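Work through the exercises below with the model open. Try each task before you read its solution.

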Amino acid sequence: LSEAWFQSEAVYAEARTKFRRACLDAFETDPTPNFDAQAFFDGSRKPVIEAAARDMGFELAGGKKSDMAKVAAIEAKKRGWLPEQLRFKGYKHKTS
């Protein structure tokens, strides 16, 4: 299975997320060390960045997207934050 398959329309998004989590759990894989937060936020829209910031426990709104992405990436690395699609059994991130 590749990232291209996970992003394809071969299966519904909800099923892909469940399957991805099952794979992470089955292989006891923690993607946190390899997660490229800067690339994730650079490729995300403002509402996604704002929602991620709220999930991490702080507000981030009204700035330029590039500045918001930079702050969100720094905080994600500091807190061990992962997007919902990469979360695994027992996952927790710091909220402060």
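**Exercise 1.** Find the helix that holds R79, and decide whether R79 is buried or exposed.

*Solution.* Step one: R79 lies in helix α5, residues 65–79. Helices here are DSSP runs of H or I, at least four residues, numbered from the N terminus. Step two: R79 has a relative accessible area of 11%. Buried means under 20%, exposed over 50%, and partly exposed in between, with a 1.4 Å probe and protein chains only. R79 is therefore buried. Step three: the side chains of R79 and E75 are joined by a polar contact of 2.7 Å.

The model is predicted: local features need pLDDT of at least 70, side-chain atom pairs count only at pLDDT 80 or more, and totals for chains, interfaces and linings use all residues. Residues are numbered from 1 along each chain as its sequence is written, and side-chain values use heavy atoms, without hydrogens and water.

**Exercise 2.** Describe the largest nonpolar core.

*Solution.* Start with the term: such a core is a set of buried Ala, Val, Leu, Ile, Met, Phe, Trp, Tyr and Cys residues joined through side-chain atoms within 4.5 Å. The largest one has 18 residues. Those with the most contacts inside it include A37, F41 and W81. Next, the helices: α3 (37–42), α4 and α5 each supply at least two residues of this core. Helix α5 gives the most, with five.

**Exercise 3.** Which residues does A37 contact, leaving aside its neighbours within four places in sequence?

*Solution.* Look for heavy atoms within 4.5 Å, the cut-off for contact. The residues are A73, A76 and K77.

Technical notes:
A polar contact is a pair of N or O atoms within 3.5 Å; within protein, one must be able to donate a hydrogen and the other to accept it, and residues adjacent in sequence count only if both atoms are side-chain atoms.
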